[in-house]
There are 2 protein chains.
Amino acid sequence: MSPIGKTRPTGRDRLRDSVLAGDLSFLLARANALTLAAANAALAEHGLKARSYSVLALAADDVRPTQRELAEFLRLDPSQVVALVDGLEKRQLVERQTDPADRRANVLVATDAGRALFARAQESARAVELGLLAAVTPEDHERLAQLLRLLAFPD
Amino acid sequence: MSPIGKTRPTGRDRLRDSVLAGDLSFLLARANALTLAAANAALAEHGLKARSYSVLALAADDVRPTQRELAEFLRLDPSQVVALVDGLEKRQLVERQTDPADRRANVLVATDAGRALFARAQESARAVELGLLAAVTPEDHERLAQLLRLLAFPD
DNA sequence: ACGAATCGTTGAAAAAGTCAATTATTTGTT
DNA sequence: AACAAATAATTGACTTTTTCAACGATTCGT
């Protein structure tokens, strides 16, 4: 019989071999925390955070989202979207346009300055993402995105 | 030539076809938000949240983590761990034991009541996870965990 | 033995999240 | 056409979470 019985791994791997480490929710939370921190750090030089970057991205993409759509998509309270848009609008990066089809709603559109900033920020974001995915092949990258989509958009 | 040019999808898919929706950070954030909300809802009946559940899980697993290890593992500030452990200890679910090897450090151990509660909570957690992964085959489930591990533990 | 570093703790301040109420507008019903 | 109910954005109050610096106790390196 092997001299090694049911040994506990030591040091760094001790927690990584715990039951929790197999938990998808935990892995998701931790991966998200690291990714978010890296993204925020990289976006800081543009005066953005992951949140404002996301809003700017959708505005610059000419999707013409309403604030409500933004809230649902980014899983935020509508009041948080107000603050987020206020910030970007004060910096003249986006514009609120009352939706002609529904004058209660504001549609978000990026200004030229907003598009320019987004283009630059997107570079930083892509660089970070590549760094994080250094250990992942391009095929696995796509596979991962695909699987995450199933979790992120269940319907 | 096709009568359909570069049409924008309408309604629900409008935002989902945006550039942002291809962003791994975004997918991660949204998947995590939904998962976290579901987990918290399910754990509420046990008086737990995802955070306290994680701490309890590690304590019940006999990993004997110090609070510092907990903080690093869960990506929390050490002061947040204090509050978390305070809560669990007040409910007699875990115990602080001063590490004999380093009397500055507290090692976390679950009480019998803690283990019992964790067993029950784990059931709820597993049920939620299965629900979220309804659209994912078991092989893909494992693949997803594997890929997330690369992001969650880059070294 | 001594200074530097580390662990847990506290407390304060900033940021993020939650929620109910309000106005303006639209939708559905009669 | 009139009117009630529903919806979009906004505000303000409140709670929770996060972040940070400081502190006493203990350990580590020299």
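Me: Against which helices of chain A do the buried residues of helix 7 of chain B pack?

Reply: In this predicted model, the buried residues of helix 7 of chain B pack against helix 2 (24–43), helix 6 (112–132) and helix 7 (138–152) of chain A. The residues concerned are Leu144(B), Leu147(B), Leu148(B), Leu151(B) and Ala152(B). Viewed down the axis of helix 7 of chain B, these buried residues fall within an arc of 140 degrees, so they line one face of the helix.

Me: Which residues are exposed on the other side of helix 7 of chain B?

Reply: Pro138(B), Glu139(B), Glu142(B) and Gln146(B) are exposed there.

Me: Which rotation and shift superpose chain B on chain A?

Reply: Two copies of a chain are related by a rotation about an axis and a shift along it. In this structure, a rotation of 180 degrees with 0.0 Å of shift along its axis places chain B on chain A, with an RMSD of 0.1 Å. The two copies are therefore related as by a two-fold rotation axis. Moreover, 100% of the interface residues of chain B are also interface residues in chain A, so the copies meet through the same surface.

Me: Which residues come nearest to DNA strand D?

Reply: There are 18 residues around DNA strand D, and Gln67(A), Arg68(A), Ser79(A), Ala105(A) and Arg103(B) come nearest. Helix 4 (67–74) and helix 5 (78–90) of chain A, together with helix 5 (78–90) of chain B, each supply at least two residues of this surface. The largest share, four residues, comes from helix 5 of chain A. The surface near DNA strand D has four nonpolar, six polar and eight charged residues.

Me: Which residues are closest to DNA strand C?

Reply: DNA strand C is surrounded by 18 residues, of which Arg103(A), Thr66(B), Gln67(B), Arg68(B) and Ser79(B) are the closest. Two or more residues of this surface come from each of helix 5 of chain A, helix 4 of chain B and helix 5 of chain B. Helix 5 of chain B provides the largest share, four residues. The classes near DNA strand C are four nonpolar, six polar and eight charged residues.

Me: Where is Arg64(B) found, and what is its phi?

Reply: Arg64(B) is found in the loop between helix 3 and helix 4 of chain B. Its phi is near 50 degrees, a positive value in a residue other than glycine. Arg64(B) is partly exposed, with 16 other C-beta atoms within 10 Å.

Me: What is the phi of Arg75(B)?

Reply: Arg75(B) has a positive phi of about 55 degrees, although it is not a glycine. Arg75(B) lies in the loop between helix 4 and helix 5 of chain B, and it is partly exposed, with 15 other C-beta atoms within 10 Å.

Definitions and conventions: Residues numbered from 1 in each chain as written. Chains lettered and ligands numbered in written order. Predicted model: local features only at pLDDT ≥ 70, side-chain atom pairs only at ≥ 80, totals over all residues. Near = placed C-beta within 6 Å. Nonpolar A, V, L, I, M, F, W, Y, C, P; charged D, E, K, R; others polar. Least-squares fit on C-alpha atoms with pLDDT ≥ 70 in both. Contact = placed C-beta atoms within 7 Å. Buried ≥ 20, exposed ≤ 12 C-beta atoms within 10 Å, placed from the backbone. Arc of directions from axis to C-beta.
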